[in-house]
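Dear colleague,

I am passing on the structure below, and after it you will find a description of what was found. Please read the two together.

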Amino acid sequence: MMKALIVGVRYKEMNYDLDNSLIELEELCKACNIEVIKRCVQNLDKINPSLYIGTGKVQEIKGQLDNLDLVIFNEELSPLQVKNLTDILDIEVTDRTDLILRIFEVRAKTKEAKLQVEIAKGQYLLPRLAGMKEHLYSQQGASGFRGSGEKQIELDRRLVSNQIFNAKKQLANIVKQRQNQRKRRKDNEMKVIALVGYTNSGKSTLMNAFCLNKNKQVLQKDMLFATLDVTLRKATLPNKRDFLVVDTVGFVSKLPHDLVEAFKATLEEVKYADLILHVIDATNSSFELQKQTTESVLKELGADDKKTIIVYNKIDRLELDIYPRNREDRIYISAKKGINMDILLKMIENALME
């Protein structure tokens with residue numbers, strides 16, 4: 001297992017809670033099989049454009065790197081920052097975005113998810129290639145005729161650009177198939193509800209609670225990004241009408257823009273759904289921030305005006321004698337224990353009938 005030091009900065013213009021964000025960063029590290037040994041936090045007026053942190057703090061970190069494999073920053077670093085920090089610290093330097101991409105790369109199972117991750121990873125790598133090379137060496141051209149040939153960095157850029165282009169081309173074909181499937185569902189008047197929410201909020205568990213066929217159940221696991229692939233399952237309302245449930249990739253704070261862009265084709269299922277269930281982990285102390293994160297991604301997708309039911313999940317873990325009062329647009333449930341699932345189904349039925 002690799003060992004790491006994580007770095008966070010508390011600055012004036014930040015719009016999130018650093019302590020909770022660093023706890024989440026440790027969870028991302030754990031998902032990448034990286035053990036966090038040390039944590040370093042600095043208070044700054046603003047981010048240092050060349051090093052992210054102050055020069056004194058960089059030297060302080062340099063003195064703490066014995067028996068460590070990498071340094072991980074809580075926010076996405078610029079290519080210049082990666083290069084400068086790597087040169088000074090003489091150790092692998094990476095960031096939160098890279099960790100998320102690593103997790104997605106390992107968890108992607110379907111062709112579509114793999115292509116989406118490949119596009120996002122390529123777009124992240126492209127501007128950083130120069131900083132990743134210790135030496136730029138030239139290919140040997142034919143003596144006396146072609147000169148020194150192309151630099152390796154140029155070849156790498158072309159290779160990555162070609163990979164992105166090919167992946168986008170293949171993804172476009174899958175998107176076309178998905179649009180045809182969507183059209184068939186509309187022709188058959190099949191209603192669709194989409195599950196959205198923060199990673200590990202219990203969307204897959206809720207989907208399995210809807211889907212009574214045990215052979216069709218999806219993976220549910222207490223970990224970040226257990227589900228990357230869009231899955232559709234048939235379920236039945238109290239009035240005996242069938243509907244489709246779409247499970248989507250979970251969100252996370254500071255979700256890489258390239259990743260959102262790459263997964264837009266998949267997340268379009270949300271845009272065309274008849275109803276959205278926004279699933280929230282009621283046991284998480286930062287659930288309000290997680291709610292805002294999900295809402296901002298929905299806005300980016302153009303799905304923020306959809307009819308939505310807020311579903312507070314995992315209430316079986318809360319120490320409450322009386323569960324909070326359900327309302328027309330929100331409900332408190334436990335998908336795992338089946339608490340209030342009958343009420344949720346009735347709410348879905350009423351919303352779809354409208």
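**Strands around β3**

Strand β3 pairs with strand β4 (residues 92-95) in the parallel sense, over four bridges, where pairing requires that DSSP finds at least two bridges between two strands, and where strands (E, at least two residues) and helices (H or I, at least four) are DSSP runs numbered from the N terminus. This is a predicted model, in which local features need pLDDT of at least 70 and side-chain atom pairs count only at pLDDT 80 or more, while totals for chains, interfaces and linings use all residues. Residues are numbered from 1 along each chain as its sequence is written, and side-chain values use heavy atoms, with hydrogens and water left out.

Within this pairing, V71 has V93 of β4 as its bridge partner. From β3 the chain crosses through helix α3 (residues 79-89) to β4 in a right-handed β-α-β crossover, meaning that, with the strands pointing away from the viewer, the path from the first strand over the helix to the second runs clockwise. β3 also pairs with strand β1 (residues 2-11), again in the parallel sense and over four bridges; here A4 has L70 as its bridge partner, and V7 stands opposite F73. β1 is in turn joined to strand β2 (residues 34-44) by ten bridges, the two running parallel, with K3 and E35 as bridge partners. Together with helix α1 (residues 18-31), β1 and β2 make a right-handed β-α-β unit.

**Burial and cores**

In a regular strand the side chains alternate between the two faces of the sheet. In β3 (residues 70-73), L70 and I72 point one way and V71 and F73 the other, and all are buried, that is, under 20% relative accessible area with a 1.4 Å probe and protein chains only (over 50% would be exposed, and in between partly exposed). β1 is mostly covered as well, since seven of its ten residues are buried.

The largest nonpolar core has 77 residues, of which I61, V71, I72, F73 and L89 touch the most other members; such a core is a set of buried Ala, Val, Leu, Ile, Met, Phe, Trp, Tyr and Cys residues joined through side-chain atoms within 4.5 Å. Its largest share, seven residues, comes from helix α7 (residues 152-187). Apart from it lies another core of 24 residues, among them L237, I309, A335 and M341. Leaving aside neighbours within four places in sequence, I72 is in contact (heavy atoms within 4.5 Å) with residues including V7, L25, C29, T94 and L99.

T97, in helix α4 (residues 96-107), counts as buried because its relative accessibility is 5%. Not counting residues up to four places away in sequence, T97 touches E76, Y124 and P256.

**The six-stranded sheet**

Six strands form an open sheet of mixed pairing, in the order β6-β7-β5-β8-β9-β10. Its edge strands are β6 (231-236) and β10 (330-332), each of which pairs on one side only. β6 runs antiparallel to strand β7 (residues 242-247), to which six bridges join it, and R233 stands opposite V245 in β7.

**The chain as a whole**

The secondary structure comes to twelve helices and ten strands, and buried residues make up 48% of the 354 residues in the chain. Among contacts between residues at least 6 apart in sequence, 66% join residues at least 24 apart.

Best regards
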